[in-house]
Amino acid sequence: MKILFATNNAHKIAEVSSMLGNGFSLITPREAGVTEEIPETQPTIEGNALQKARYVHERTGLDCFADDTGLEVAALGGAPGVRSARYATEGHDFDANLRLLLHNMEGVTDRRARFRTVIALIWRGEEYTFEGIVEGEITRTPSGAGGFGYDPVFVPEGASCTFAEMTAAEKNAISHRGRAVAALVRFLHEQCGIR
Ligand code: IMP
């Protein structure tokens, strides 16, 4: 079964591919002839995931899915949220984003935050969405060298270290993206009669 994942991030492709198992082969937008940047201009995480999935579906006609993630900080009214990648600058600068977040949270005692991933799937012409959330807290200083993005300042609920201090397997087992992908995989396996 061929399914298109609307990302050019090789790491995400490998991660999702291993969870889907043998019955599925993931193809990238580039492999399906979509070489331009896929637009994500919507004001919500759900909106962006759907926009990306629709964009590649309209151009290829293939079953496809797309993901979008944001860090939602309670004391900042849900920011950076949909703007997580471009919080400090338009340039997807992880360090600058992290510094701005800590700056905006100086003196803030409510440190509650969550990562939220939405996956939008277009399957046999119908649209579906799957959500994965991990609750946690923002630390006062970064720690750990693993992961990416806001990982060095995010401690998931029930853990005593940041995502950046965990192995990839430990993080994936509880992460927002891991949970959303697991829901997608359950759906596709059910649809295809895979146990
Ligand atoms: P994307 O939608 O997966 O590209 O994620 C958007 C932005 O959210 C990224 O550029 C990161 O800043 C942040 N982000 C997404 N997932 C993670 C994660 O697992 N750890 C830390 N930051 C993340």
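**Ground rules.** I number residues from 1 along each chain as its sequence is written. Since I am working with a prediction, I keep local features only at pLDDT of at least 70 and side-chain atom pairs only at pLDDT 80 or more, while totals for chains, interfaces and linings use all residues, and side-chain values use heavy atoms, with hydrogens and water left out.

**Ligand shell.** I started with the 14 residues around the ligand, taking a residue as near if one of its heavy atoms lies within 4 Å. Lys12, Thr69, Asp151, Lys171 and Arg177 come nearest. By class I find five nonpolar, four polar and five charged residues in the shell; Asp, Glu, Lys and Arg count as charged, and Gly goes with the polar ones. Strand β3 (64-73) and helix α5 (176-191) each supply at least two shell residues; helices (H or I, at least four residues) and strands (E, at least two) are DSSP runs numbered from the N terminus.

**Polar contacts.** Here I looked for pairs of N or O atoms within 3.5 Å. The side chain of Asp151 places an N or O atom 2.6 Å from a ligand nitrogen. For Lys171, I read 2.7 Å from a side-chain N or O atom to a ligand oxygen. Lys12 has a polar side-chain atom 2.9 Å from an oxygen atom of the ligand. On its own the ligand has 480 Å² of accessible area, and the protein covers 90% of that (Shrake-Rupley method, 1.4 Å probe).

**Aromatic pairs.** My search of the whole structure gave seven aromatic pairs, meaning ring centres within 6.5 Å, with planes under 30 degrees apart called stacked, over 60 edge-to-face and the rest tilted. One I noted is Phe115 with Phe163, stacked at 6.1 Å centre to centre and 20° between the planes. This pair links distant parts of the chain, 48 residues apart: Phe115 is in strand β5 (residues 112-123), and Phe163 is in the loop between β7 (154-156) and α4 (168-174).

**Backbone.** I checked the peptide bond joining Ala79 and Pro80, and it is cis, with omega about -5°. Pro80 lies in strand β4 (residues 80-81). I also noted His92, a residue other than glycine with a positive phi, near 55°. His92 sits in the loop between β4 and α3 (94-104).

Conventions. A polar contact is a pair of N or O atoms within 3.5 Å; within protein, one must be able to donate a hydrogen and the other to accept it, and residues adjacent in sequence count only if both atoms are side-chain atoms. Rings of Phe, Tyr and Trp (its six-membered ring) pair if their centres lie within 6.5 Å; planes under 30 degrees apart count as stacked, over 60 as edge-to-face and the rest as tilted.
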